[in-house]
Amino acid sequence: MNGIIDLSFWQLASAYIFVVALLIIVKMKGIAREQEILISSVRMTLQLIIVGYVLSYLFEHENPLYTLLIIGVMEVFAILNIYKRIKAKMSVKLKKVIALSMFAGTILSIFYFLFVVIQISPWYKTQYFVPLAGMIIGNSMTGISLGVDRLVDGMRSKKDTIETALMLGATPKMAAKTIVDHAFDSAIMPTINSMVGMGIVFLPGMMTGQILSGTSPLTAIEYQIAIMLGILGSVSLTVILFVQLGYKSFFNKQKQLVLD
Amino acid sequence: MESVFQLRNIRYGDILNIQHMDIPKDKITCIVGESGSGKTTLIKMLNCLISPTEGEILFQEKNISEMDPVDLRRRVVMLGQNPVIFPVTVRDNLSIALRFSEKEPLEEQEMKKYLAMVHLDKNLDQPVENMSGGEKQRLALARVFILNPEVLLLDEPSSALDEETEILIIEETVRYVKHYGKTLIMVTHSKLIAETYGENIIKISKGQFVREGEM
C-alpha cells in the first residue's frame, strides 16, 4: 500500500481517550449518558471488527453467491431499519410497498452503476460491489424513510383536503397529488443539499478513505462524483417508486380514503 | 315516482340501520334528525365516500358497489360539513373543481355567474385566506354548482351562515336545482328549512329511518 500507516493495537487503543474524555465530561455535568456512550463505542468496535474479517474473507474467496448474499442481507437490514425508524402506524400494504420500492430501486441503480458506469469485472467483484452497493442502499434508506414519514403524516393531517377533493370527483391520484409531491421533495432534498456542500463544507467519506489509502485525489473525486450521481439516481428512483405506489395503499377498491 | 337512490337492508356498524328507503329523482329531499343520528353517515354512503357494511344502495337502478366510484362522485357531488377551501384564490377553487371532474375550464364571465348564484361578490383573483367562514361556505357551494352534477348532496350547507344569508343561499340552491332539473339531498338541522323547501323529508333517529313525508 502506498506508504499508508498501519495502526498498531496501542495506537488504536489510544484513540479511545476520546471516549474516556466524553465519559468524564458527562459524569461531571451529571448527564446520565454513560451507558449509551459505552454501549455504542463497544458496538461500533465489535461491528467493524466483524465486518473487517468478513470482508477480508470475501476478498480472498470471491464468489458471486457471496456477493448476492451480502446484497440480500443489506437490503433486508435496510428495509427493517426503515420499519423501525417510522413511528407512525403503517399498514401491511404500505410495508410491502416500502420493501418493493427499496429493493427494485436500489438493485436497478446498483446494477447500472456497477456495470455501466464503473464497468467492474468480474461482475461480482466484492471490492467494488460491497462498498458501493452499501452506499447506495444506505442513502436510499434515509431518503425513503423521510418520504414515508411525510406521506403518512400528509395523508393523516390532510384527510379533510383529500376527502373534499374526492367529493368533487377527483381520482385518488389527483386528491393525493400535493402530498405525494411534497413527500418526494422532502425525501430527495437532503441528497441535493449534500451535493451543494460537498468538497467545500466537508470532504465526503469515500473520497477521504481513498485519499488516506494512497489513491490520487483526482481519481478519488472521479469516484466521488460518480457515486454521488449514483446515490442521487437511486434515491430518486426508490422514492418515486415508493410515493407513486405508496399513496395507493391509502385508498381501497372503492377509492375511499382508508387511514387505519 | 322514479327513485334516484334505493337503499336495501343497509347497515353501517352500529351507526345506521335502514331496511328500505327510496329517494325520489328531481326532488328536494331533506334529511333531518338529532346530531349523531347517522345523517352524515347516510349522505357519505350516497357519495360512496364510505360503504355500508351490509346491504346495497342502487343509484338509478344500478348497484353503486359495481360502479366506478369516481364516475359516481362526478354525477353525485357532495358538499361536506367542513369543506376545505384550496389555496390561493377564488378562481383556483373553481378551476380546481373543474379539473378534478375533468371538465373544460370556464371563461371568467361563466365563473362569475356561479359566484353570483351564491351571492358572493368577489374578484376571481381575491385570495381566499382573508375570506370569512360564511364566504368560504358560499364559495364551496359555488364550487359544487359549477360542476353541474345530476345530484347534489349537501351536508348542512348553511351551518356557518347567519340566518339571513342562510335563507338566501338555500333559496338560490333551490332555484338552481329546479331550473336545471336536478335532485337535491340535503342534511339540515333546521326544521323550518326542511318544512319550507323539502318535497320529501326523511327523519333519522338513532341510526334508524323513522319517517318519510311530512315532519
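**Note on the predicted two-chain model**

1. The domain assignment of chain A in this predicted model gives domain 1 as residues 19-61 and domain 2 as residues 62-250, the bounds coming from an automatic or database domain assignment. The C-alpha centres of domain 1 of chain A and domain 2 of chain A lie 27 Å apart. Four residues of domain 1 of chain A are in contact with six residues of domain 2 of chain A, where contact means that the C-beta atoms of two residues, placed from the backbone, lie within 7 Å. On the side of domain 1 of chain A that touches domain 2 of chain A, three residues are nonpolar, one is polar and none is charged; here Ala, Val, Leu, Ile, Met, Phe, Trp, Tyr, Cys and Pro count as nonpolar, Asp, Glu, Lys and Arg as charged, and the others, Gly among them, as polar.

2. On conventions, residues are numbered from 1 along each chain as its sequence is written, and chains are lettered from A and ligands numbered from 1 in the order in which they are written. Because the model is predicted, local features need pLDDT of at least 70 and side-chain atom pairs count only at pLDDT 80 or more, whereas totals for chains, interfaces and linings use all residues.

3. Chain A has ten helices and zero strands, helices (H or I, at least four residues) and strands (E, at least two) being DSSP runs numbered from the N terminus. Along its principal axes the C-alpha trace of chain A spans about 70 × 55 × 35 Å.

4. An unreviewed UniProt entry lists "transmembrane region" for residues 7-26, 38-59, 65-86, 98-122, 128-148, 183-203 and 223-247 of chain A; such annotations may be inferred rather than shown by experiment, and the positions are given in the numbering used here, with feature names shortened. In the model, residues 98-122 of chain A are 84% helix and 0% strand, with end C-alpha atoms 31 Å apart, while residues 128-148 of chain A are 100% helix and 0% strand, with end C-alpha atoms 30 Å apart.

5. Helix α2 (residues 17-29) of chain A packs with helix α3 (residues 34-60) of chain A at an angle of about 165°, their axes 10 Å apart; axes are lines fitted to C-alpha atoms, for helices over the stretch in contact, and angles run from 0 to 180 degrees between N-to-C directions. α2(A) is therefore roughly antiparallel to α3(A), the cut-offs being under 35 degrees for roughly parallel, over 145 for roughly antiparallel, 65 to 115 for roughly perpendicular and the rest for oblique. The residues in this contact are A:Val19, A:Leu22, A:Leu23, A:Val26 and A:Lys27 of α2(A) with A:Glu34, A:Ile37 and A:Ser41 of α3(A), and by class they are five nonpolar, one polar and two charged.

6. The axes of α5 (residues 92-118) and α10 (residues 217-246) of chain A come within 8 Å and cross at roughly 150°, so α5(A) and α10(A) are roughly antiparallel to each other. The contact of α5(A) with α10(A) has 14 nonpolar, nine polar and no charged residues.

7. Between the chains, the contact takes 20 residues from chain B and 15 residues from chain A. α2(B) gives the most to the side of chain B that touches chain A, with four residues, and that side has twelve nonpolar, five polar and three charged residues.

8. Some backbone details deserve a check. The peptide bond from A:Ser121 to A:Pro122 is cis, with omega near -5°, and A:Pro122 lies in the loop between α5 and α6 (126-157) of chain A. The bond from B:Pro87 to B:Val88 is also cis, with omega near 10°.
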